[in-house]
Amino acid sequence: MEHKRILVAGKWRQAATVLAKMRSWTRSPSSAAFLKNFGITFIFKALSLLLTLIVYVLAVRELGVITWGQIALIASVANIMLIPLTFGLHNGVIKYVPVSTKEESKELMGTALIANLIPSCMTSILLIAAAPVVESWFGFPLMNWIAAVALAMSINLYILTESFLRGQQLFFRLGLYKLIASIVFLVGTAIGLYMLGERSITSYMIPLIVQNVYFFVHALLKSGISPWRYSFKLLKKLFSYSLFTMFSWLVSALLFTSDLFYVAHFGEQYELGVYSIYQNTIRNLCSVLFHDVFAVVFMPLIAALNRRDVDAMVMKYSAPIFMLIWLGAAMLTTVLVLLYGVPLTWTYVGLTSAGIAMNMMYLLMTTVIAMDGVKAARCVFAALVIPIPALQYLQYVLVKHWGMIGGMSSVIVINICLLIALRITIRYFYHFQSVPLEREGSA
């Protein structure tokens, strides 16, 4: 009995300590600024996301499932092309601009802009020139390939100038420009579908590319980097950080989009459309919600705590967290599928939402662990890279033999395997830091 009282008292003290840290964090001036910026970002993000969902619903209903499947395939190819186009420079901008002087920030952004524009334009030209070869070898339509290149280049410009505003903490401008760009996307799509009567991929792709280019031009003019400056020293600094993040991004993109390519290869066009609605569209939406809500809100709180304790807490409550996410994802999937006007299949809903929940658990654990420092981030990356060949083969076999069911099941299996690999790596090859980040910085 005495032992139980001591245990309960210890738990209460731990909880009180966490609450005290959270209370002191929210009262600090930097935290007040953070909460204000988050509120602005969240409101604009919610409005932009709502407008984008309206476009999705209109496009699926008006263009049909088969055309939407082709759009999803183009977007997936574009998202992979995007990675070498960016060179990861936007990550370096976000990391270094907030801690630089005004003049250094201008030079950093000018260097990133020039270092991005010249190689990305040249790479885009080469990719377009390769379109006939791609069509001949892989059967990917020439015009779809060109559309993918154009979309990738426009996204590249979008995220580069987004990093300029984010690095300077111009959150109101960032949110406002994103909202206006989403309105441009919606209006452009509506004009193509209803005024011009265009029922093809172009009625969706052209407004999407125009949205990205509009944001790039507007954000660039307001980012304050004129006159443009360039520094080889700063370029080396940007690349030293960006190349690793770019490679990590590429590996993740290939792993988590390959299921759509396998379905496109083995299945019919209608199956590709249905699969893209259940899996890619909804999964991407949940990924955005995770990164823009969890990462922004909870990462600063986690940084002030002992990551070993946070990781242990996540592991302890992993089952109820998984069930909660699974239920929420199932409800979201059901609502969106009904809005899209696609037949509702409960097996697909269950598998899709379970895959989303498992992926969110993987992202949650990797985020907590990677915050423990550079060595932790490398361990997380190693746990991702090493099992990829086996996981890709497994996904290939599942989709080949069981089609959409196999693809949806493979997402669950892959995330389970990645979680197992992560836990083994952390257990045997890494030891958590014993103090929060703020103490490490002052030690």
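At what angle do helix α15 and α16 pack, and how far apart are their axes? The views below start with that pair. This is a predicted model, where local features need pLDDT of at least 70, side-chain atom pairs count only at pLDDT 80 or more, and totals for chains, interfaces and linings use all residues. Residues are numbered from 1 along each chain as its sequence is written, and side-chain values use heavy atoms, with hydrogens and water left out.

**View 1. Helix α15 packs with α16.** Helix α15 (residues 374-385) and α16 pack at about 145 degrees, and their axes lie 7 Å apart. Axes are lines fitted to C-alpha atoms, for helices over the stretch in contact; angles run from 0 to 180 degrees between N-to-C directions. Helices are DSSP runs (H or I, at least four residues), numbered from the N terminus. The crossing of α15 and α16 is right-handed, meaning that the near helix is turned clockwise from the far one by less than a right angle. From α15, the contact residues include Cys-379, Val-380 and Leu-384; from α16, they include Leu-418, Leu-422 and Phe-429. Contact means heavy atoms within 4.5 Å. By class, this contact of α15 with α16 has 12 nonpolar, one polar and one charged residues. Nonpolar covers Ala, Val, Leu, Ile, Met, Phe, Trp, Tyr, Cys and Pro; charged covers Asp, Glu, Lys and Arg; the others, Gly among them, are polar.

**View 2. Leu-398 sits in helix α16.** Helix α16 (residues 388-429) holds Leu-398. Leu-398 has 15% relative accessibility, so it counts as buried (under 20% relative accessible area, 1.4 Å probe, protein chains only). Beyond its neighbours within four places in sequence, Leu-398 touches Gly-403, Gly-406 and Ser-410. Asp-259 is 139 residues away along the chain, yet the two C-alpha atoms are separated by 9.6 Å.

**View 3. Helix α4 meets helix α7.** The angle between α4 (residues 89-96) and α7 (residues 142-167) is about 5 degrees, with axes 8 Å apart. The two are therefore roughly parallel (angles under 35 degrees). His-90, Val-93 and Ile-94 in α4 meet Ile-159, Leu-160, Ser-163, Phe-164 and Arg-166 in α7. Five of these residues are nonpolar, two polar and one charged.

**View 4. Ser-124 is in helix α5.** Helix α5 spans residues 102-129 and includes Ser-124. Ser-124 is buried, at 8% relative accessible area.

**View 5. Helix α3 is mostly covered.** Of its 22 residues, 18 are buried. Just after α3, Phe-87 takes a positive phi of about 60 degrees.

How values were computed: Parallel < 35°, antiparallel > 145°, perpendicular 65-115°, else oblique. Buried < 20%, exposed > 50% of the residue type's maximum accessible area, 1.4 Å probe, protein only.
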